[in-house]
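Subject: Structure handover

Hello,

Please find below the structure I said I would pass on. My notes follow it.

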Amino acid sequence: MEEVIKILEEIKPGVDYRTADDLFGGHILASLEIIMLVSALNDAFGIKITLPYIKPENFRSAETIYAMVQKVMDDE
């Protein structure tokens, strides 16, 4: 979870990712930042996040992003 927060802070600093609960729908992260996030997560965790995982509900918060990463790791 800490690695996810670190990546988020590198992509868009100045947000409290521990409490933010609508990163995409609340326009905290834009589409380009989501693409950057997916790439950074792939590199950091050695995974490949594919299209079925790239949906708004997986990018609501640091927790949902971390849960998605765990699911991708389990599915690989």
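This is a predicted model: local features need pLDDT of at least 70, side-chain atom pairs count only at pLDDT 80 or more; totals for chains, interfaces and linings use all residues.

Residues are numbered from 1 along each chain as its sequence is written, and side-chain values use heavy atoms, with hydrogens and water left out.

Helix packing

Two packed helices are described by the angle between their axes and the distance between the axes. Axes here are lines fitted to C-alpha atoms, for helices over the stretch in contact, and angles run from 0 to 180 degrees between N-to-C directions. Helices are DSSP runs (H or I, at least four residues), numbered from the N terminus.

Helix α1 covers residues 2-11 and helix α2 residues 31-45; their axes come within 10 Å and cross at roughly 140 degrees. That makes α1 oblique to α2 (angles under 35 degrees count as roughly parallel, over 145 as roughly antiparallel, 65 to 115 as roughly perpendicular and the rest as oblique). The crossing of α1 past α2 is right-handed, a term for the near helix being turned clockwise from the far one by less than a right angle, with anticlockwise being left-handed. On the α1 side the contact is made by Glu3, Val4, Ile7, Leu8 and Ile11, and on the α2 side by Glu33, Met36, Leu37, Ala40, Leu41, Ala44 and Phe45; contact means heavy atoms within 4.5 Å. These residues divide into ten nonpolar, no polar and two charged. In that count Ala, Val, Leu, Ile, Met, Phe, Trp, Tyr, Cys and Pro are nonpolar, Asp, Glu, Lys and Arg are charged, and the others, Gly among them, are polar.

For α2 and α3, the axes come within 12 Å and cross at roughly 50 degrees. The two helices are therefore oblique to each other, and α2 passes α3 in a right-handed crossing. Leu37, Leu41 and Phe45 of α2 meet Ile65, Met68, Val69 and Met73 of α3 in this contact. Its residues are seven nonpolar, no polar and no charged.

The axes of α1 and α3 come within 9 Å, crossing at roughly 120 degrees, which makes α1 oblique to α3. This crossing is right-handed. Val4, Ile5 and Leu8 of α1 make the contact with Ala62, Ile65 and Tyr66 of α3, and the residues divide into six nonpolar, no polar and no charged.

Salt bridges

How many salt bridges does the structure hold? There are three, a salt bridge being a side-chain nitrogen of Lys or Arg within 4 Å of a carboxyl oxygen of Asp or Glu.

Arg18 pairs with Glu2, with the closest N and O atoms 2.9 Å apart. Arg18 lies in the loop between α1 and α2 and Glu2 in helix α1, so the pair ties together parts that are 16 residues apart in sequence. Arg18 is partly exposed at 48% relative accessibility (buried means under 20% relative accessible area, exposed over 50%, partly exposed in between, with a 1.4 Å probe and protein chains only). Glu2 is also partly exposed, with a relative accessible area of 48%.

Arg60 pairs with Asp22, and here the closest N and O atoms are 3.7 Å apart. Arg60 sits in the loop between α2 and α3 (62-75) and Asp22 in the loop between α1 and α2, so parts 38 residues apart in sequence are tied together. Arg60 is partly exposed at 38%, as is Asp22 at 28%.

Asp75 pairs with Lys71, the closest N and O atoms being 3.2 Å apart. Asp75 and Lys71 are four residues apart in helix α3, and so are separated by about one helical turn. Asp75 is partly exposed at 42% relative accessibility, and Lys71 is partly exposed at 44%.

Two single residues

Met68, in helix α3, counts as buried at 2% relative accessibility. Leaving aside neighbours within four places in sequence, Met68 is in contact with Leu41, Ile49, Tyr53, Asn58 and Phe59. Met68 and Ile54 are 14 residues apart in sequence and 9.2 Å apart in space, C-alpha to C-alpha.

His27 lies in the loop between α1 and α2 and is exposed, with a relative accessible area of 68%. The phi of His27 is near 60 degrees, a positive value in a residue other than glycine.

Regards
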